[in-house]
Amino acid sequence: MPKQARFSFLLRESTMAQESPKSSAAEIPVTSNGEVDDSREHGFNRDLKRSLPAGLGLSETQITSHGFDSTKEGVIEAGAFQGGQSTQAKSGPVLLADETKNPAMEKLELVRKWSLNTYKCTRQIISEKLGRGSRTVDLELEAQIDILRDNKKKYENILKLAQTLSTQLFQMVHTQRQLGDAFADLSLKSLELHEEFGYNADTQKLLAKNGETLLGAINFFIASVNTLVNKTIEDTLMTVKQYESARIEYDAYRTDLEELNLGPRDANTLPKIEQSQHLFQVHKEKYDKMRNDVSIKLKFLEENKVKVLHNQLVLFHNAIAAYFAGNQKQLEQTLKQFHIKLKTPGVDAPSWLEEQ
């Protein structure tokens, strides 16, 4: 072989050896327009998606291949599958919907708000006791509340004394009944004192009967006053406590807003001032509502108290007067006037069959 032909053969063989890794690794077909024909790559991706497990069908996988002469490595891009098209995930902050909030985080936020509110109210209470803080005062309403609390203490004292009287009267009636039975027994066994023991037995039994009637009136008085004091007045005082708590919160957030308004106004403090103004308005509306509720309840309580105590005081007076005057007829008439039914000792209430 001539030297020139041999040299050409060796040069062509060396060139093929250098180009063989590229051609064996990747082959890039070109269309007639000079554009890269990626139909083979799309076919490979389609076959790969068919071979994936069913659980991976929610996302579409796209594989981009590059030749060995490229400086980039193979990239696998994954995106959410929407109608056969892949959408690439965008980077950025992840926003959680309200439905996916963690309950523990919600509880932690509630605890944080409660702690902040408790701190503000405690600071307001301490400031008021030390004489440094100002408080909102409704003079007319505060006077009515003070009168109500003072009256409640006096009514509780009357209730306690009436209960003591009822207990002592019950013991006296029980003693009179036993004494009457003893006189009656002696009247049968002592012939020479038969009449004397008989008179005393009748007298003690009559006193015991009238005492039971008076006891029924006193117990009715006690039950009515107890309902007034421990239910009606107590319910109003519970509303008063809620009103006082709302007043403390209102003053606490009012003081907080005043302190912020006295400070500088810049980009950092303006959002805090706006938030404090919003919270102040919320607690102001709550305070006004509770003040209105207390005023209405105090008005209705006064009307109900006058009506209840008027009837009960008339009952108590008439029953006591008739008992000590020995007017049995008037005593029984008093109980009928207030629809009071006495329980007969030793007789149980009728069953539902007897009532039918």
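Guide: Helices (H or I, at least four residues) and strands (E, at least two) are DSSP runs, numbered from the N terminus. This is a predicted model, in which local features need pLDDT of at least 70 and side-chain atom pairs count only at pLDDT 80 or more, while totals for chains, interfaces and linings use all residues. Residues are numbered from 1 along each chain as its sequence is written, and side-chain values use heavy atoms, with hydrogens and water left out.

Visitor: In which helix does asparagine 311 lie, and is asparagine 311 buried, exposed or partly exposed?
Guide: Asparagine 311 is part of helix H6. Buried means under 20% relative accessible area, exposed over 50%, and partly exposed in between, with a 1.4 Å probe and protein chains only. Because its relative accessibility is 33%, asparagine 311 counts as partly exposed.

Visitor: How are the axes of H5 and H6 arranged, roughly parallel or roughly antiparallel?
Guide: Axes are lines fitted to C-alpha atoms, for helices over the stretch in contact, and angles run from 0 to 180 degrees between N-to-C directions. The axes of H5 and H6 come within 8 Å and cross at roughly 165°. Angles under 35 degrees count as roughly parallel, over 145 as roughly antiparallel, 65 to 115 as roughly perpendicular and the rest as oblique. H5 and H6 are therefore roughly antiparallel.

Visitor: And how do H4 and H6 lie, roughly parallel or roughly antiparallel?
Guide: H4 packs against H6 with the axes 12 Å apart and an angle of about 30°. That angle makes the two helices, H4 and H6, roughly parallel.

Visitor: Which residues have the most contacts inside the largest nonpolar core?
Guide: A nonpolar core is a set of buried Ala, Val, Leu, Ile, Met, Phe, Trp, Tyr and Cys residues joined through side-chain atoms within 4.5 Å. The largest such core has 41 residues, and H5 gives the most to this core, with 17 residues. Those with the most contacts inside the core are Ile145, Ile233, Tyr243 and Val294.

Visitor: Which residues does valine 294 touch?
Guide: Contact means heavy atoms within 4.5 Å, and residues up to four places away in sequence are not counted for valine 294. On that basis, valine 294 touches Leu141, Ile145, Thr239, Val240 and Tyr243.

Visitor: How many helices and strands does the protein chain have?
Guide: Read along the sequence, the protein chain follows the pattern α-α-β-β-β-α-α-α-α-α-α. Its secondary structure comes to eight helices and three strands.
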